[in-house]
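Here are my notes on the model you sent over.

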Amino acid sequence: MDVLVFGAGSLGSLVGGLLARDHSVTLVGRDPHIGAIAADGLAVTGAFDVRVTPDAVTAVPEDCAADLAVVTVKAHDTEAAAVALADCPLDAALSLQNGMGNEALLAEALDCPVLAGTCTYGALRDGPGTVTCTGVGEVVLGPREGGTSTTADAVGAAFDSAGFETTVAADMPRRLWEKLAVNAGINATTALARIENGALVDGPGTDAAAAAARETARAAREAGVDLTDEAAVAAVERVARATAANTSSMHQDVRDGRRTEIDAINGYVADRTDAPVNRTLAALVRAWEAGRGLR
Ligand code: KPL
């Protein structure tokens with residue numbers, strides 16, 4: 001498959017790097033990371049040990065036709081991604097982003113089926129031209145409204161052949177809410193406490209993470225999606241364990257002084273239900289962003 005990965009941050013680099021083992025991949029991202037990949041290739045370390053040589057560019061190329069665009073930008077950059085990809089002849093697009101509503105934004109702009117996806121691989125970018133896989137999770141993808149499609153099956157087969165733990169799912173709306181519960185539990189808590197994901201398996205932050213996940217499950221049920229408190233809390237524990245060595249994406253954002261995805265994660269939950277834990281986590285991360293002039 002010809003695959004365009006839009007957003008070569010930590011997760012996009014890991015996904016693009018692993019896909020490049022079996023597919024023709026173009027990574028779209030920022031310098032100096034992209035310049036280093038264009039010059040010397042991309043090293044994927046940690047749970048993998050591979051060097052691949054995908055095309056690497058800082059803007060969507062003129063000839064951007066692809067079988068698949070994988071969107072991995074931060075939730076607040078989805079609109080910009082949709083604009084950048086709007087004129088590309090694509091057979092399919094797949095969002096592997098945190099937060100809710102990304103697929104709908106992409107579908108408004110793109111003239112191809114847009115699949116929903118979740119990815120629980122831990123990814124850490126430690127320097128230009130390298131990405132470390134700090135935990136092997138799972139890629140789950142499928143039609144964004146649920147059900148089955150031949151496009152989802154073909155994209156699932158492409159991830160599978162590149163060695164990803166892959167599930168093609170018919171219940172993506174529920175899966176997206178479950179992933180939101182994982183991010184609501186892990187991301188802000190690890191960012192505020194400056195801890196790795198594994199510290200939430202059994203530590204002083206575990207109850208706060210579980211409470212944020214339970215509130216997310218309630219918001220899901222109020223939106224008509226059947227996600228139990230137990231399933232949401234179990235998903236947080238499972239992902240914290242599988243990605244124990246990972247610095248969550250929000251922790252990386254705070255560490256590096258960047259705007260976070262707080263609005264699309266804990267803020268999204270707090271806007272939808274009575275969610276004191278998510279409201280507090282969102283307020284604290286927003287206070288940090290405001291202090292840094294990031295909002
Ligand atoms: O999605 C993630 C993130 O950090 O944004 C997890 C799966 C929690 C891995 O850290």
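This is a predicted model: local features need pLDDT of at least 70, side-chain atom pairs count only at pLDDT 80 or more; totals for chains, interfaces and linings use all residues.

1. On the domain 1 side, β8 (114-119), β9 (122-127) and β10 (130-135) each supply at least two of the residues that touch domain 2. Sorted by class, that side of domain 1 has 11 nonpolar, 12 polar and 5 charged residues.

2. What about salt bridges across the interface of domain 1 and domain 2, and how many are there? The count is 1. As for Lys74 and Asp253, their side chains meet in a salt bridge, at 3.1 Å from N to O.

3. For orientation, the domain assignment puts residues 2-170 in domain 1 and residues 173-291 in domain 2. Domain 1 brings 28 residues to the contact, and domain 2 brings 24. Taken over C-alpha atoms, the centres of the two domains are 23 Å apart.

4. Now the area. Interface size is often quoted as the accessible area lost when the parts come together. Here, domain 1 and domain 2 bury about 2,000 Å² between them, and carbon and sulfur atoms give 58% of that.

5. Which residues of domain 1 lose the most area to domain 2? They are His76, Asn98 and Met100, and together they make up 33% of what the domain 1 side buries.

Terms used:
Residues are numbered from 1 along each chain as its sequence is written. Side-chain values use heavy atoms; hydrogens and water are left out. Domain bounds come from an automatic or database domain assignment. Contact means heavy atoms within 4.5 Å. Buried area is the accessible area (1.4 Å probe) that two parts lose on being put together, summed over both. A salt bridge is a side-chain nitrogen of Lys or Arg within 4 Å of a carboxyl oxygen of Asp or Glu. Helices (H or I, at least four residues) and strands (E, at least two) are DSSP runs, numbered from the N terminus. Ala, Val, Leu, Ile, Met, Phe, Trp, Tyr, Cys and Pro count as nonpolar, Asp, Glu, Lys and Arg as charged, and the others, Gly among them, as polar.
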